[in-house]
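Here is a short note for a colleague opening this model. Please read the points in order, with the structure in view.

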Amino acid sequence: MFFYVYVLMSLKNNELYIGVTKDLRNRVKEHNQGLNRSTKPFRPWMLIYYEACTNEIDAKRRERYLKTN
C-alpha cells in the first residue's frame with residue numbers, strides 16, 4: 001500500500017494545498033466536491049504534483065517538509 005503526498009492548485013486563486021492520503025483519486029474528488037471545509041471556498045482544484053511513499057511516516061514527514069518550504 002502506498003501513501004501519497006500531493007499538491008493541489010486552486011484554479012480560482014492559484015493557492016496551493018498540500019496533503020497526504022491513501023486514495024489519491026478519491027481525495028482529489030473530495031476536494032473538488034467541497035467535502036473539505038478548508039479547501040471548499042477555493043474550488044476547483046487541479047492536481048499538480050504527487051509522490052508515492054511506502055509508509056505513512058515518510059509521507060507525513062515529506063508533507064511537513066513541503067509545507068515549510
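1. Terms come before the tour. Helices (H or I, at least four residues) and strands (E, at least two) are DSSP runs, numbered from the N terminus. The model is predicted: local features need pLDDT of at least 70, side-chain atom pairs count only at pLDDT 80 or more, and totals for chains, interfaces and linings use all residues. Residues are numbered from 1 along each chain as its sequence is written, and side-chain values use heavy atoms, leaving out hydrogens and water.

2. Start with a loop. P44 sits between helix 1 (24–33) and strand 3 (45–53). The peptide bond from R43 to P44 is cis, its omega near 0°. Most peptide bonds are trans.

3. Look next at N14, in the loop between strand 1 (3–10) and strand 2 (16–21). N14 is not a glycine, yet its phi is positive, about 65°. Most residues other than glycine have a negative phi. Is N14 buried or exposed? N14 is exposed, with a relative accessible area of 56%. Here exposed means over 50% relative accessible area, buried under 20%, and partly exposed in between (1.4 Å probe, protein chains only).

4. Three strands form an open sheet in the order 2-1-3, with antiparallel pairing. Two strands pair if DSSP finds at least two bridges between them. Strand 2 and strand 3 are at the edges with a single partner strand each, so one side of each has no neighbour in the sheet. From one strand to the next, the twist averages 20°. Strand 1 and strand 2 pair over six bridges. One of the residues to check is M9, whose bridge partner in strand 2 is L16.

5. Helices come next. Helix 1 packs on the sheet and touches strand 1, strand 2 and strand 3; its direction makes about 30° with that of strand 1. Helix 2 also packs on the sheet, touching strand 1, strand 2 and strand 3, and its direction makes about 170° with that of strand 2. Axes are lines fitted to C-alpha atoms, for helices over the stretch in contact; angles run from 0 to 180 degrees between N-to-C directions. Contact means heavy atoms within 4.5 Å.

6. Finish inside. A nonpolar core is a set of buried Ala, Val, Leu, Ile, Met, Phe, Trp, Tyr and Cys residues joined through side-chain atoms within 4.5 Å. The largest has seven residues: F3, V5, V7, I18, C53, A59 and L66. Strand 1 gives the most to this core, with three residues. A second, separate core has six residues, including Y6, L8, L24 and V28.
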